[in-house]
Each structure stands twice: as structure tokens, then as C-alpha cells.
Amino acid sequence: MKRGMNAIPRIRINNLPTPLVELKRLSRALGGPRIFMKRDDLTGVALGGNKTRKLEFLLGEALSGKCDSVVTGGAMQSNHCRQTAAAAAAVGLECHLALGGEPPAIPEGNLLLDHIFGAIVHWCGANAKGELIPQITEDLRSRGRTPYVIPFGGSNATGAFGFVAAVSELIGQMQDADLRFDRLIVPSSSGGTHAGLVVGADVFDLAADVIGIGIDRAAPGKPSYESELAALANQVAERLGVDARYDACAFRMRYDYFGGGYGVVGDAEREAIRLVGAQEGILLDPVYSARAMGALIDMIRREEFARGDSVLFWHTGGIPAVFDHAKDIVPR
Ligand SMILES: Cc1ncc(COP(=O)(O)O)c(C=O)c1O
């Protein structure tokens with residue numbers, strides 16, 4: 001398998017390994033298990049985040065295919081788009097972003113950074129999940145360009161390789177510090193992070209239960225989100241030449257933390273941001289990591305962990321959104 005992984009084109013843009021830290025004060029404040037955090041908010045590119053791990057493989061493929069531009073899309077405050085814009089700039093690819101909404105009077109948060117990184121923004125109104133990527137790509141091709149398409153969230157098999165590799169990195173850190181984890185908590189949305197971690201856990205013998213916290217859905221849907229995760233994991237395993245095959249049961253999701261909906265900052269997210277900020281001096285983002293941390297806090301209060309357990313929280317970044325949600329985080 002190692003050979004399979006090494007044969008895949010990859011660029012190196014991140015500061016790896018990201019720190020693995022113990023949150024002793026948070027654990028004490030909650031009277032909970034040992035809590036550790038994998039700090040992918042510190043991957044290094046453009047204020048960090050989980051997508052830059054995916055982008056090492058996605059842009060590796062783009063460059064090896066001699067592409068001259070990338071096209072991707074998402075919501076106006078997409079972390080994925082911001083990280084793609086920065087990574088594309090760093091390797092000299094023109095970046096086209098299909099963003100939902102209309103241009104605001106003042107670009108803030110991630111959108112401000114998209115502009116700074118020189119991305120070309122295509123405003124797509126109600127289409128906030130990259131629906132117009134094919135149209136933009138076709139237009140570029142008709143003008144003689146060679147675009148590389150990155151799907152919504154960077155969640156295809158190529159992107160998910162980033163999280164197979166991340167598990168290998170984690171295992172090295174666990175061995176160095178003589179640690180083991182019972183559970184791993186991660187926000188799960190377009191699926192590449194979660195699917196990559198589950199395949200990586202099998203490949204590198206990580207025993208922890210991987211639990212995805214649903215960020216943008218209140219229930220599995222049809223076909224179930226777990227089936228989509230399994231399909232993606234199977235593509236990853238196949239391309240790596242790994243024997244494992246997955247079905248929906250291989251994925252554990254919690255949908256009970258959807259609160260007021262995607263991007264709505266409620267009491268759970270607010271408490272998570274302020275508690276982790278005040279206890280540990282670590283920033284969570286209001287949409288993803290705060291929702292997942294809110295879930296972890298609730299699970300601890302419900303006594304879903306034993307005192308002696310060790311839980312790993314995967315911080316997936318998203319920091320620029322803090323500044324776009326100031327009034328939700330500190331209401332007046
Ligand atoms: C900060 C942050 N965390 C987590 C996720 C979820 O990752 P995935 O889309 O791979 O499920 C995203 C996706 O946009 C994100 O921006």
C-alpha cells in the first residue's frame with residue numbers, strides 16, 4: 001500500500017505534522033476523559049484547515065496533468081474555496097471559484113481572502129454547492145485553457161488521500177508519545193475528511209472509533225450519507241490497492257447536533273468557542289469545529305465516555321469565518 005500512496009502525485013504545501021496536543025484544562029473543566037486535539041487549523045496555508053491536506057493531492061494531480069487552472073465552488077464563506085485559492089496561487093495555477101450568493105458590498109472572512117489570493121469569482125446566486133462548476137469549466141476549455149476540476153469540498157478519492165496520509169502522520173505521533181485513542185471526533189460534511197480517515201485507520205491500524213458529527217444535515221437522507229461515505233472510501237481503497245471494502249455500516253455519524261441548521265450559530269457552538277478559547281487559548285470556527293466540539297462537550301456531559309478514555313478531536317480549521325460571525329459569537 002505504501003507504494004500505492006507514494007506513486008500518487010503530491011505537492012508539499014503544508015507544515016506537517018500538525019501538532020497533536022492534550023487539552024488538559026478543557027478536560028478538567030468538563031470532568032471528562034483525556035481530550036487531545038489534532039491541530040489541522042495549523043496546516044499553514046492561508047490560515048490553515050483540513051482542505052489543504054486534500055489539496056496536496058488534488059493540485060499534485062492538476063500539475064501532473066499539465067493543467068493551467070483550477071475550478072471549484074461552494075458557499076460565499078467556503079473554507080475549501082479560500083484554501084484552494086491560496087494553494088493554487090502558491091503553485092501558479094489560475095483559480096476560478098463558483099460561489100453562492102451575490103457580491104456583498106464589503107467582502108469579509110473567507111471571501112476577503114479569496115480576493116487577496118487572486119481568485120476569479122463567479123457569482124452563482126442560489127447555486128452554493130458548486131452546481132455551475134461544469135459550465136465554468138466548459139467555458140475555459142472553449143477558450144483553449146486546460147482546467148482541473150475540484151468537486152465541492154474537495155471530496156473525491158484524490159482529495160481523501162490527504163486524510164489517509166494524515167492517519168499515517170497521526171500514528172507516528174501516537175507512537176512517539178505512547179498514546180492510544182478510544183474515539184476520534186471529526187466534523188463531517190462533504191465526506192472526504194471522514195472517508196479518508198476511516199480508510200487510513202484500516203490501512204495504518206488506528207483502533208479508535210471514528211465518529212463524524214453532521215454539520216449540514218439532520219438525518220442520513222437518501223441514499224444515506226453513510227452510503228456516500230462508503231462509496232468514496234471504496235474508491236480510495238481501490239486506487240490505493242487496499243483490499244478493504246466498505247458499506248454504510250462502516251461509518252458512524254451523529255446527526256443530533258444540527259441545531260438551527262447549517263451555519264447557524266446556536267448556544268452549543270457559542271459555548272464551545274468560548275470554552276475552548278478561555279480554557280485553552282485555541283480558536284474554533286463557528287460552523288464546523290465549534291459544532292463538532294459542542295457535540296463532544298454534550299457527549300461528555302451525557303457520560304458517553306468513561307473517565308479513563310482518551311478522545312481525539314480533529315480540528316479542521318475554518319478560522320476566517322470567526323470574523324464573519326462576530327455578532328453571533330458575542331451577541332450584544
Ligand atoms: C472547517 C471545516 N471543517 C470541516 C469540514 C468538513 O470536511 P469534509 O467536507 O471533508 O467533510 C469543512 C468543509 O468544508 C470545513 O470547511
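**Entry 1. Helix α4**

I began with the buried residues of α4, and I list them as N79, H80, C81, R82, Q83, T84, A85, A86, A87 and A88. I call a residue buried if 20 or more other C-beta atoms lie within 10 Å of its own, exposed if 12 or fewer, and partly exposed in between, with C-beta atoms placed from the backbone. This is a predicted model, in which local features need pLDDT of at least 70 and side-chain atom pairs count only at pLDDT 80 or more, while totals for chains, interfaces and linings use all residues. Residues are numbered from 1 along each chain as its sequence is written.

I noted that 10 of the 13 residues of α4 are buried, which leaves the helix mostly covered. The names of helices (H or I, at least four residues) and strands (E, at least two) follow DSSP runs, numbered from the N terminus.

I then looked up the extent of α4, residues 79–91: from first C-alpha to last, the helix reaches 19 Å, close to the 18 Å expected at 1.5 Å a residue. The expected span is 1.5 Å times one less than the number of residues. Just after α4, I found G92 with a positive phi of about 80°.

What do the buried residues of α4 pack against? I recorded α3 (51–64), β3 (69–74), β4 (94–99), α5 (109–116) and α12 (321–324) as their partners. Contact here requires the C-beta atoms of two residues, placed from the backbone, to lie within 7 Å.

**Entry 2. Two domains**

I looked up the domain assignment, which gives domain 1 (2–49 + 156–329) and domain 2 (51–153). Such bounds come from an automatic or database domain assignment. I noted 24 Å between the C-alpha centres of domain 1 and domain 2. Domain 1 brings 29 residues to the contact, and domain 2 brings 29 residues.

On the side of domain 1 that touches domain 2, α7 (157–177) and α12 each supply at least two residues. I marked α7 as giving the most to that side, with 6 residues. I also recorded how the residues of that side divide: 12 nonpolar, 13 polar and 4 charged. In this count Ala, Val, Leu, Ile, Met, Phe, Trp, Tyr, Cys and Pro are nonpolar, Asp, Glu, Lys and Arg are charged, and the others, Gly among them, are polar.

**Entry 3. The largest nonpolar core**

Which of the 93 residues in the largest nonpolar core touch the most other members? I found V164, I185, A233 and V236. A nonpolar core is a set of buried Ala, Val, Leu, Ile, Met, Phe, Trp, Tyr and Cys residues joined through C-beta atoms within 7 Å. The helix α7 gives the most to this core, with 9 residues. Both domain 1 and domain 2 give residues to this core, so it lies between them.

Leaving aside neighbours within four places in sequence, V236 is in contact with A157, A160, F161, V164, A195, G196 and V199.

**Entry 4. Backbone details in loops**

I checked two cis peptide bonds. One joins L16 and P17, with omega about 0°, and P17 sits in the loop between α1 (2–6) and β1 (20–22). Another runs from K222 to P223, with omega near -10°, and P223 sits in the loop between β8 (209–214) and α9 (225–240).

Is A46 buried or exposed? A46 counts as buried because 26 C-beta neighbours lie inside 10 Å.
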